[in-house]
Amino acid sequence: KIAERHIRPALVLAEDPETGLCRGSARSVGEFDLHAALTACADLLEHFGGHRAAAGLTVRRDRLGELAARLEALAKERLTPDDRIPRKKADVLCTADELTLEAAEHLAKLEPFGQDNPTPAFVLRNAAVRSARAVGADGKHLKLTLEQNGHTLEAIGFDMGGLLPWLMPGVSVDLLGTAAVGEWQGARQVQFQIRDIRYAGLQVLDRRRERLTEARMAELLAAAPDGCALVCDSALEAEAWRRRLPEGMPVASYAGLAAAFAAAEAGWSGADEIAAVRAPFRKVRHLVLCGLPEGGTEADAVARLLAGMDCLASVHVHVGTRPSGDADRTDRAGRNGIGGGMPGGNAAGRDIPDRTHFAEAYALFRAKGAWPDEPDGFLREVSARIGWPLPVVRVMRDVFEELGFLRVENGWVTMEPSPAKRELAESARYREARWRWTGERLAGLPAEALAEWMRQARRME
């Protein structure tokens, strides 16, 4: 475990105080030949044996210092940077329906497994977690029920119970492991024994029914001590968390991020200053959100942050501190809208304009035929007729222009008499506007829509 955690060869010895002899084991990493290294130190050892990846040894207590120094020198000479890149080998990519009890029983006939006959290892990609729980003494192990293409599979991760806070039903994962035959109360079934696990793409874990507590944050940090960051819905809350979390862990508020990005854009170096805002979050793997942004400006800041995070694997969304019944929430969202944003408190109670609403505007445009290209004018009439605010109608006009339904020449807008049929989604302007409109109402989105917005944010830059 030490060798795996630190990705370097490791020795663990226990001393017998009566004899002064230390006995123990050693494990290597990468292609570093542990047996060759111990052979080079044979004059210091009482006994040793093993192979390039693992060994056992006995050494006198008074020779430990010299042994350590010589092994360190050999490691500097022979251990390469590639050796310190963690790698785990697999034999085949498989699917859940292929990991049957019959297949596991056939594999068992290849035993005994060992150094020269390793246990066959499989990769299972994009499997959905249907249930996750900790089992064994003190919740030491992880038990998963997985589903892939309608087939279910039981999986066990020994000593992986600490990963439970990062998993919940609906998460998609890639797994490396082996197939074994398990038996419980007389029933035999195949069990996938997990060696490693990762998210299959960006995962958004909607925990908006759970308040973020110190205990929950401690669980998350225990499973990923160097890879977490936190963004809160108020500066006061961010400051309170900053005092309780490990020094150096990135903590910010939505308003603070929005202000920092705005100042960076106004700065003389532009891109460099934006990169500086993102820098503390760049290598973070797990982002914890306490609450969600209010309004387009804050949502835009979160999107820019997500786009600049190189290693992001998951986003956890918890309950924030802003009152859920905040009366002016939608009004602020409308005022802060970006790129022709949505209105706050739309009179018709509508959400985001869809194909039907665009068709209403298009019918009015065609009836008019042509009009002066002015910021307001005829577009304001259309806004009053269809019940959508003027910025939204301007976006509609731009989308129709991009799709070839109208043209703008010499200060006039003219409808095309027989345009080719095209879908709204073909317009980049429509896709961008819809994404921004969605961002202005993140707090009310269902889990699936929220996840899609964040995945799209990752692709924005």
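Arg243 counts as exposed, because its relative accessibility is 63% and exposed means over 50%. This value, like the others below, comes from a predicted model. Arg243 is joined to Glu239 by a salt bridge in which the closest N and O atoms are 3.8 Å apart, and the two residues both lie in helix α6, four residues apart, which is about one turn of the helix.

Glu239 also meets the side chain of Arg242 in a salt bridge, with 2.8 Å from N to O. Arg242 and Glu239 are three residues apart in helix α6, which covers residues 235-244, so they are separated by about one helical turn. Glu239 is partly exposed, at 36% relative accessibility, and Arg242 is likewise partly exposed, with a relative accessible area of 38%. In general, side chains of opposite charge can pair when their charged atoms come close.

**Salt bridges elsewhere**

A search of the whole structure finds 32 salt bridges. One of them links Glu210 with Arg216, where the closest N and O atoms are 3.6 Å apart, and Glu210 is partly exposed, with a relative accessible area of 30%. There is also a network of salt bridges that links Asp373, Arg397, Asp398, Glu401 and Arg429.

From α11 the contact is made by His357, Phe358, Ala361, Tyr362 and Phe365, and from α13 by Val393, Met396, Arg397, Val399 and Phe400. Sorted by class, this contact of α11 with α13 has eight nonpolar residues, one polar and one charged.

Val393, which belongs to the α13 side of that contact, is also touched by Ser383, whose other contacts beyond four places in sequence are Trp388, Pro389 and Leu390. Ser383 has its place in helix α12, residues 378-386, and counts as buried because its relative accessibility is 13%.

The largest nonpolar core holds 44 residues, and Leu144, Leu146, Val173, Leu175, Met217 and Leu230 are the ones that touch the most other members. Strand β10, residues 187-199, gives the largest share of this core, with five residues. Leu144, leaving aside residues up to four places away in sequence, touches Val129, Ser131, Ala132, Leu153, Glu154, Ala155, Leu167, Leu175, Ile194 and Ile197.

A second, separate core has 35 residues and includes Val231, Val277, Val284 and Val315. Val284 is found in the loop between α8 (271-278) and β14 (286-290), and it is buried, with a relative accessible area of 5%. Beyond the residues up to four places away in sequence, Val284 touches Gly227, Cys228, Ala229, Pro250, Met309, Cys311 and Leu312. Against Glu423, Val284 is 139 residues apart in sequence and 38 Å apart in space, taken from C-alpha to C-alpha.

Ser172 is a buried residue, at 17% relative accessibility, and lies in strand β9, residues 172-184. Apart from its neighbours within four places in sequence, Ser172 is in contact with Asn126, Ala127, Ala128, Arg198, Tyr199, Ala200 and Gln203.

**Backbone details**

Asn126, one of the residues in contact with Ser172, is found in strand β6 and has a phi near 55°, a positive value in a residue other than glycine. Ile7 also has a positive phi, near 50°, in a residue other than glycine, and its place is in the loop between α1 (2-6) and β1 (10-16). Finally, a cis peptide bond joins Glu111 and Pro112, with omega about 5°, and Pro112 is found in the loop between α4 (101-108) and β6 (122-135).

Arg243 is exposed, whereas Arg242 and Glu239 are partly exposed.

Technical notes: Residues numbered from 1 in each chain as written. Predicted model: local features only at pLDDT ≥ 70, side-chain atom pairs only at ≥ 80, totals over all residues. Heavy atoms only, no water. Salt bridge = Lys/Arg side-chain N within 4 Å of Asp/Glu carboxyl O. Buried < 20%, exposed > 50% of the residue type's maximum accessible area, 1.4 Å probe, protein only. Contact = heavy atoms within 4.5 Å. Nonpolar A, V, L, I, M, F, W, Y, C, P; charged D, E, K, R; others polar. Core = buried A, V, L, I, M, F, W, Y, C linked by side-chain atoms within 4.5 Å.
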